Amino acid sequence: MPIGSRDPAVGPASPQADLILSDKFEPAALPDVCAPRLRVVDALDRAARKRYVYIGAPAGSGKTVSTLLWLQKTKLPAVWIGLDRYDDVPSMFYKQLATGLYSVQPENAAMREVLTSPSFSLSPVEHTIRLIAEMQPLDHRCALVFDDLHFIENREIVKSLSVVLKRLPKAFVLFFLSRREPPDEWTALGIDRGPAVLDAGDLRFAADEIRAYFKSLGRSLSVDESRIVLAATEGWAIGVAALAKSGQVTKGDSRSLFGDFFDEQVWSTWDEDLRSFCLATSVAGEFDAELAEILSGRSDAAEIMDELARSNTFLMRLSGNSYRYHHLFRDFLQDKARENGTDRTALCKRAAEYSRARFDYTQALRFWLESGDFSGMDTYLLLYLYESRSGSVADCADFMRTLALDELPDHAYRDCPPLHILALWYDYLTGQRERFEHHLDELYRALPRIAAFDSRFVESATLSYSIDHRTTIIDKAKRFSKFGRLIKRFTPNGLATTLVSFTQNLPYPHRSNVDYSAIALEERGMELLGATFGPLLGT
């Protein structure tokens with residue numbers, strides 16, 4: 001399979017080399033100025049007695065900050081797992097969870113062995129349960145936080161997570177932060193029919209809390225003014241923060257949508273340089289100072305980010321040197337960027353080049369796809385196919401799912417025909433026969449154009465041809481010249497031998513979708529295969 005290849009001369013990547021713990025799972029930093037929210041912290045204290053705490057509230061309600069304040073008060077060590085839409089596959093989700101748990105006991109060799117097992121992605125639930133079983137007893141309480149859990153919709157994860165978490169040591173207290181209500185499958189968590197649940201009403205600011213927050217920012221409000229702010233925001237945390245930073249107290253008849261609210265109260269007060277910086281960096285879900293400097297052209301990017309994170313609740317400092325905008329604010333910025341005609345294509349290309357320079361070819365490919373310039377992405381596709389160490393077949397399929405390949409416009413495949421290779425393997429791995437056959441047929445039609453991009457694409461296309469279930473392997477071998485004449489040189493020892501996994505499974509034809517019975521019926525059939533597909537398969 002032409003995914004996840006590696007250079008044989010370099011040798012296989014050590015799974016331990018890719019296991020980076022450091023401060024990846026540490027909680028994000030609180031802003032220098034934030035409301036103490038004593039009532040909310042007390043409510044979390046009571047909820048934590050049930051061990052499982054589910055905070056379900058709309059975006060901007062203060063779920064993350066409230067949990068961080070509770071952790072600050074209790075001083076509990078915490079494993080913080082920040083989720084996004086790319087984590088909504090079992091292998092990625094459970095690898096994050098397992099790695100976070102391992103960070104609690106990094107000297108535990110048995111846990112590390114489970115975590116670095118090549119088969120982890122094939123059965124992530126079972127491996128995570130095994131890893132938990134290897135944990136040593138904890139002599140202190142510890143918090144485990146799932147932030148932005150609403151991104152997880154995969155039914156396998158939703159159904160299995162409660163089963164996995166119930167096996168954790170009793171020393172763990174768990175927090176689930178989501179924009180949705182808890183799923184029915186989780187009623188078995190905790191006692192008294194499920195986890196303790198807090199909603200938007202539990203997180204709303206009261207009038208006295210609004211006054212205290214404004215005071216911490218150096219502004220004094222009268223009782224009447226605090227009531228005006230409460231009426232305008234309905235105690236919505238991010239609305240209170242926006243109004244506090246705007247320097248204005250205005251009446252409102254109801255809670256506004258964040259975009260309108262922020263546009264009027266804050267955005268209009270910022271200078272053009274700060275606006276441009278935020279618009280440029282909004283193309284990235286997470287970014288560090290180096291990427292921010294590349295995107296914005298500002299040499300003082302680190303200082304700007306530090307100041308925003310310290311004084312503003314719309315940019316959050318994650319572990320290490322990474323930052324991310326609040327999801328609502330990022331949506332607002334991307335809408336503004338479209339309105340202002342910001343060159344998103346150029347920004348995504350810069351981000352792709354940045355990821356490429358750091359040998360992160362999966363992220364580089366994703367950024368280039370988001371640029372919409374499909375005519376220029378063949379280099380990034382080659383790097384992903386031939387240089388990326390993307391793990392198992394399951395990992396590859398999970399990554400390709402996040403690219404939404406079958407939702408790309410038709411011109412994407414016309415501009416970059418090698419994209420059919422990626423799409424057909426995804427459809428093959430996920431059992432989408434009609435789409436798989438469609439991309440195979442388009443691949444055959446576009447073969448001369450694909451060869452013009454790079455002959456290595458033809459080698460990958462030939463490997464794809466070998467799994468077309470509509471003809472026998474002998475028929476394919478007899479027509480091999482259609483592909484072979486376009487291959488300038490074969491990968492040494494065979495392309496298939498450089499891949500993490502290849503689903504043809506020769507010489508075990510009973511495991512394949514292709515009919516191999518024709519080999520026995522063809523005189524000197526194996527010799528024919530050796531002379532055609534042999535250099536490709538390394539046989």
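The buried residues of helix α1 (residues 38-48) are covered by elements that include β1 (52-56), α2 (63-74), β4, β5 (196-198) and α7 (200-203). Here buried means under 20% relative accessible area, exposed means over 50%, and partly exposed lies in between, with a 1.4 Å probe and protein chains only. Helices (H or I, at least four residues) and strands (E, at least two) are DSSP runs, numbered from the N terminus. In α1 the buried residues are Val40, Val41, Ala43, Leu44, Ala47 and Ala48. Seen down the axis of α1, these buried residues fall within an arc of 160 degrees, so they line one face of the helix. The arc is taken from the directions that lead from the helix axis to the C-beta atoms.

The structure is a predicted model, in which local features need pLDDT of at least 70 and side-chain atom pairs count only at pLDDT 80 or more, while totals for chains, interfaces and linings use all residues. Residues are numbered from 1 along each chain as its sequence is written, and side-chain values use heavy atoms, with hydrogens and water left out.

The protein chain contains 29 helices and seven strands. Of its 539 residues, 53% are buried. The accessible surface of the chain comes to about 24,300 Å², and carbon and sulfur atoms account for 48% of this surface. Accessible areas come from the Shrake-Rupley method with a 1.4 Å probe, and for residues only the protein chains shown count as cover. Among contacts (heavy atoms within 4.5 Å) between residues at least 6 apart in sequence, 72% join residues at least 24 apart.

Strand β4 (residues 172-178), one of the elements that cover α1, pairs with β3 in the parallel sense over five bridges. Two strands pair if DSSP finds at least two bridges between them. β1 and β4 also pair in the parallel sense, over five bridges. Leucine 174 of β4 stands opposite leucine 144, and tyrosine 52 stands opposite leucine 174 as well. Seven of the seven residues of β4 are buried, so the strand is largely enclosed by the rest of the structure. In a regular strand the side chains alternate between the two faces of the sheet. In β4, Phe172, Leu174, Phe176 and Ser178 lie on one side and Val173, Phe175 and Leu177 on the other, and all are buried.

Strand β3 (residues 142-147) is mostly covered, with six of its six residues buried. On one side of β3 are Cys142, Leu144 and Phe146, and on the other are Ala143, Val145 and Asp147, so that both faces are covered. Strand β2 (residues 78-82) runs parallel to β3 and is joined to it by five bridges. Aspartate 147 in β3 is the bridge partner of glycine 82. A right-handed β-α-β unit is made by β3, helix α6 (residues 155-165) and β4. A crossover is right-handed if, with the strands pointing away from the viewer, the path from the first strand over the helix to the second runs clockwise.

Asparagine 108 lies in the loop between α3 (90-102) and α4 (109-115) and is buried, with a relative accessible area of 10%. A polar atom of its side chain lies 3.1 Å from the backbone nitrogen of alanine 110, and the backbone nitrogen of methionine 111 lies 3.0 Å from a polar atom of the asparagine 108 side chain. Apart from neighbours within four places in sequence, asparagine 108 is in contact with Tyr102, Glu134, Met135 and Gln136.

Arginine 330 is located in helix α15 (residues 327-340) and counts as partly exposed at 22% relative accessibility. A polar atom of the arginine 330 side chain lies 3.0 Å from the backbone oxygen of valine 283. Leaving aside neighbours within four places in sequence, arginine 330 is in contact with Ser282, Val283, Ala284, Gly285 and Tyr325. The C-alpha atoms of arginine 330 and threonine 281 are separated by 9.3 Å, although the two residues are 49 residues apart along the chain.

Positive phi values occur at lysine 75, where phi is about 60 degrees although the residue is not a glycine, and at alanine 404, where phi is near 50 degrees. Lysine 75 is found in the loop between α2 and β2 and is exposed, with a relative accessible area of 70%. Alanine 404 is found in the loop between α19 (393-402) and α20 (410-415) and is partly exposed, with a relative accessible area of 25%.

Note on methods:
Polar contact = N/O pair within 3.5 Å; in protein donor to acceptor, adjacent residues only side chain to side chain.
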